[in-house]
Amino acid sequence: MELSLNVNNEEWALDVAPADVLLDVLRERVGTKSPKIGCERGDCGSCTILIDGRSVRSCLVLAVEAEGHEITTVEGIGADHLSELQNLFISNNSFQCGFCAPGIVLSATELLARNPSPSRHDVQEALSGNLCRCTGYEPIIEAVLAAGERNEEVSA
Ligand code: FES
Ligand code: FES
């Protein structure tokens with residue numbers, strides 16, 4: 001079947017099967033490799049993308065369900081220059097192997113869009129579905145909290 005997908009503000013016309021999973025279509029057909037294949041059952045968060053600004057596990061979504069919605073992967077965040085959050089992840093040495101990073105960037109981006117100065121608990125809750133095997137989470141949480149503090153300074 002024919003499918004139109006909007007990925008990072010680019011329109012794609014694709015021929016897909018009804019049961020094709022969005023994660024696979026993004027990686028294999030659109031060529032966006034940042035959503036990672038992890039558990040493929042909704043547990044690890046490595047395949048996280050944004051659909052209409054909300055974080056979603058793309059391994060649990062059929063490609064056909066995404067038609068008519070705006071899909072954002074980490075390739076679409078900071079394409080021209082890195083976002084402040086991405087720079088804070090770098091300056092905090094938040095990631096090691098980086099496998100979890102695209103999903104965490106997107107989950108944290110969603111959090112900061114709806115809650116510009118989150119508490120530590122808010123950050124922990126927002127990232128609770130994104131597993132990281134390397135860092136112990138602390139440098140990730142610190143970077144998101146720092147982004148929240150900067151948002152607070154700007155709005156003060
Ligand atoms: S690959 Fe989708 S949640 Fe693990
Ligand atoms: S940095 Fe390796 S899984 Fe998070």
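Trainee: What covers the buried residues of H5?
Mentor: The cover includes helix H2 (84–91), helix H3 (101–114) and helix H4 (120–126). Helices (H or I, at least four residues) and strands (E, at least two) are DSSP runs, numbered from the N terminus. A residue is buried if 20 or more other C-beta atoms lie within 10 Å of its own, exposed if 12 or fewer, and partly exposed in between, with C-beta atoms placed from the backbone.

Trainee: Before we go on, where does the model come from, and how is it numbered?
Mentor: It is a predicted model, in which local features need pLDDT of at least 70, side-chain atom pairs count only at pLDDT 80 or more, and totals for chains, interfaces and linings use all residues. Residues are numbered from 1 along each chain as its sequence is written, and chains are lettered from A and ligands numbered from 1 in the order in which they are written.

Trainee: Which residues of H5 are buried?
Mentor: They are Ile-140, Ile-141, Ala-143, Val-144, Ala-147 and Gly-148. Seen down the axis of H5, the buried residues fall within an arc of 160° (taken from the directions from the helix axis to the C-beta atoms), so they line one face of the helix.

Trainee: And what does the face turned away from that side carry?
Mentor: That face of H5 carries the exposed residues Glu-138, Glu-149, Glu-152 and Glu-153.

Trainee: Changing topic: in what order do the strands of the sheet come?
Mentor: Five strands form an open sheet in the order S2-S1-S5-S3-S4, with mixed pairing. Two strands pair if DSSP finds at least two bridges between them. The edge strands, S2 and S4 (54–57), each pair on one side only.

Trainee: How do S1 and S2 run, parallel or antiparallel?
Mentor: Strand S1 (residues 2–7) and S2 run antiparallel, joined by six bridges. Val-7 has Glu-10 as its bridge partner in S2. Their hairpin has two residues between the strands, and Asn-8 there takes a positive phi near 50°.

Trainee: What about S1 and S5?
Mentor: S1 and strand S5 (residues 70–72) run parallel, with two bridges. In S5, Val-7 has Ile-71 as its bridge partner, and Ile-51 is also bridged to Ile-71.

Conventions. Contact = placed C-beta atoms within 7 Å.
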